[in-house]
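Please view the sequence and the structure together while reading.

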Amino acid sequence: MAIRAITDSHYIAHTGPLFKTMKILPFELLVQYFRVKFMYEFKLNIAPRSFFNMWKTRGIMSQGNIRLRNQEDYSIPFARLNLVNNLPLCTLPATWNVFFINNSFIVEQATSRFKFYKKLKRKLLDSIVVACD
């Protein structure tokens with residue numbers, strides 16, 4: 001990986017500690033970071049206008065005064081094909097739902113967008129595995 005070249009590490013050095021010390025997200029976590037960041041902007045209604053009302057929360061979709069335990073989750077459109085499941089239409093709300101279930105306190109405690117982004121990056125950096133198996 002390029003992180004070994006950046007840090008001038010041995011060619012078989014474990015990359016987890018290197019990413020943590022350099023405070024760089026690996027590619028998979030970087031993708032997750034930008035997905036959650038976009039959905040947070042969507043939640044605050046500051047995403048591009050073309051995404052306005054793209055996804056609805058389950059609380060809005062339920063009829064009547066039924067209080068759902070997952071009413072803050074975004075509904076994921078049904079897709080018959082796996083190809084469609086991998087498109088942003090489905091992956092963005094799915095990533096947000098999983099993130100929000102496990103980290104709702106980060107979303108609620110964020111006083112500004114930039115503090116949220118900082119906490120999100122710190123949370124993802126903390127999830128990098130350092131131990132070797």
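## Helices H3 and H7

The axes of helix H3 (residues 27-43) and helix H7 (residues 113-126) come within 11 Å and cross at roughly 150°. H3 is therefore roughly antiparallel to H7, a term for angles over 145 degrees. The crossing of the two helices is right-handed. On H3 the contact (heavy atoms within 4.5 Å) involves Leu29, Gln32, Tyr33, Val36, Lys37, Tyr40 and Glu41, and on H7 it involves Arg113, Phe116, Tyr117, Leu120, Lys121 and Leu124. These residues comprise 8 nonpolar, 1 polar and 4 charged; Ala, Val, Leu, Ile, Met, Phe, Trp, Tyr, Cys and Pro count as nonpolar, Asp, Glu, Lys and Arg as charged, and the others, Gly among them, as polar.

## Basis of the description

The model is predicted; local features need pLDDT of at least 70 and side-chain atom pairs pLDDT 80 or more, while totals for chains, interfaces and linings use all residues. Residues are numbered from 1 along each chain as its sequence is written, and side-chain values use heavy atoms, with hydrogens and water left out.

## Helix H3 itself

At 1.5 Å a residue, the 17 residues of H3 should span 24 Å, and the end C-alpha atoms are 24 Å apart, which agrees. The expected span is 1.5 Å times one less than the number of residues.

Buried residues (under 20% relative accessible area, with a 1.4 Å probe and protein chains only) in H3 are Leu29, Tyr33, Val36, Phe38, Met39, Tyr40, Glu41 and Phe42. Their cover includes helix H6 (88-109) and H7. After H3 comes Asn45, which has a positive phi near 60°.

## Helices H6 and H7

H7 also packs with H6, at an angle of about 125° and with the axes 11 Å apart. This angle makes H6 oblique to H7. The crossing is right-handed here. From H6, Trp96, Phe99, Asn103, Ile106, Val107 and Gln109 meet Phe116, Lys119, Leu120 and Lys123 of H7. By class, this contact holds 6 nonpolar, 2 polar and 2 charged residues.

## Asp73 in its loop

Asp73 is located in the loop between helix H4 (58-61) and helix H5 (82-85). Is this residue buried or exposed? Asp73 counts as buried because its relative accessibility is 7%. Apart from neighbours within four places in sequence, Asp73 contacts Lys56, Thr57, Arg58, Asn97 and Ile101.

Terms used
Axes fitted to C-alpha atoms, helices over the stretch in contact; angles between N-to-C directions. Helix = DSSP H or I, 4+ residues; strand = E, 2+ residues; numbered from the N terminus. Parallel < 35°, antiparallel > 145°, perpendicular 65-115°, else oblique. Left-handed = near helix turned anticlockwise from the far one by under 90°. Buried < 20%, exposed > 50% of the residue type's maximum accessible area, 1.4 Å probe, protein only.
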